[in-house]
Amino acid sequence: MLDDERAAFQARAQATPAQLSDLEAFRIRLEDANAVMNLVGPDSLPDFWNRHAWDSAQLMQMAPEALTWADLGAGAGFPGVVLAILAKGRADAHVWLIDSLGKRCRFLQEVVDALNLPATVINGRAEEQRIRCDIVTARAVAPMDKLLGYAQPYFERGAQGLFLKGEKAESELIEARKSWHFEAELAPSQSDPRGRIVTIRSVRRARNRS
């Protein structure tokens, strides 16, 4: 079954054998680490290639020219580690993996070192970093109104937002517009029909009307 799912991922992501090898090594490390700390839901691991790898990789197909990415609340490495694996070997490509929890950062650093990825792990709060990148991204970090606050320093430095969201994406955008002005586009996720990919541009905080 895993071989079939890996082959399906390879076809959709147009991944090279070297990228598949790195992703498989990442999968094994994640499975081992998840046995001792909660990185992802254990029930999701058997669906690694679609639910995690392809869910992350589809972002690169939406922004194929992007070279630099910041993954806020990088957690287990989705989407950031997958993006770094796919970007490996591209000139000037780099991914920043930002998380506030030390043990998650230690896991991410072990993966980055073992696979020689073009990535930097930062143990800190996302909103306190001053990173210039093409794309700021996140998965399952916070509702959109809070997420825009975390991502504001990246938007100010020219980034575009590309966020993996669930079936509540539309209602989150409605709520976020109470605090923010922005342009948004929604696209269906290719890994889960309930999911949405939200593109965000031109972000600024709304004036307090009170």
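**Close-ups of a predicted model**

View 1. Asn 50 is found in helix 3, residues 48-62 (helices are DSSP runs of H or I with at least four residues, strands are runs of E with at least two, and both are numbered from the N terminus). This is a predicted model, where local features need pLDDT of at least 70, side-chain atom pairs count only at pLDDT 80 or more, and totals for chains, interfaces and linings use all residues. Residues are numbered from 1 along each chain as its sequence is written, and side-chain values use heavy atoms, with hydrogens and water left out. The side chains of Asn 50 and Arg 12 are joined by a polar contact of 3.4 Å (a pair of N or O atoms within 3.5 Å; within protein, one must be able to donate a hydrogen and the other to accept it, and residues adjacent in sequence count only if both atoms are side-chain atoms). If you skip neighbours within four places in sequence, Asn 50 is in contact with Arg 12, Asp 55 and Ser 191 (contact means heavy atoms within 4.5 Å).

**View 2. Leu 39 in its loop.** Look for Leu 39 in the loop between helix 2 and helix 3. Leu 39 is buried, with a relative accessible area of 13% (buried is under 20%, exposed over 50%, partly exposed in between, using a 1.4 Å probe and protein chains only). Leaving aside neighbours within four places in sequence, its contacts include Leu 30, Gly 75 and Phe 107.

View 3. Helix 5 takes in residues 102-115. Its buried residues are Cys 105, Phe 107, Leu 108, Val 111, Val 112 and Leu 115. They sit on the same side of helix 5 because they cover an arc of only 160° around the axis (the arc of the directions from the helix axis to the C-beta atoms). On the other side, Arg 106 and Asp 113 are exposed. The cover over the buried residues includes helix 2 and strand 3.

**View 4. Strand 1 between its partners.** All five residues of strand 1 (68-72) are buried. Thr 68, Ala 70 and Leu 72 are on one side, with Trp 69 and Asp 71 on the other. Strand 1 runs parallel to strand 2, joined by five bridges, and pairs in the parallel sense with strand 4 over three bridges (strands pair if DSSP finds at least two bridges between them). Asp 71 has Leu 97 as its bridge partner in strand 2 and stands opposite Thr 137 in strand 4.

Notes
The expected span of a helix is 1.5 Å times one less than its number of residues.
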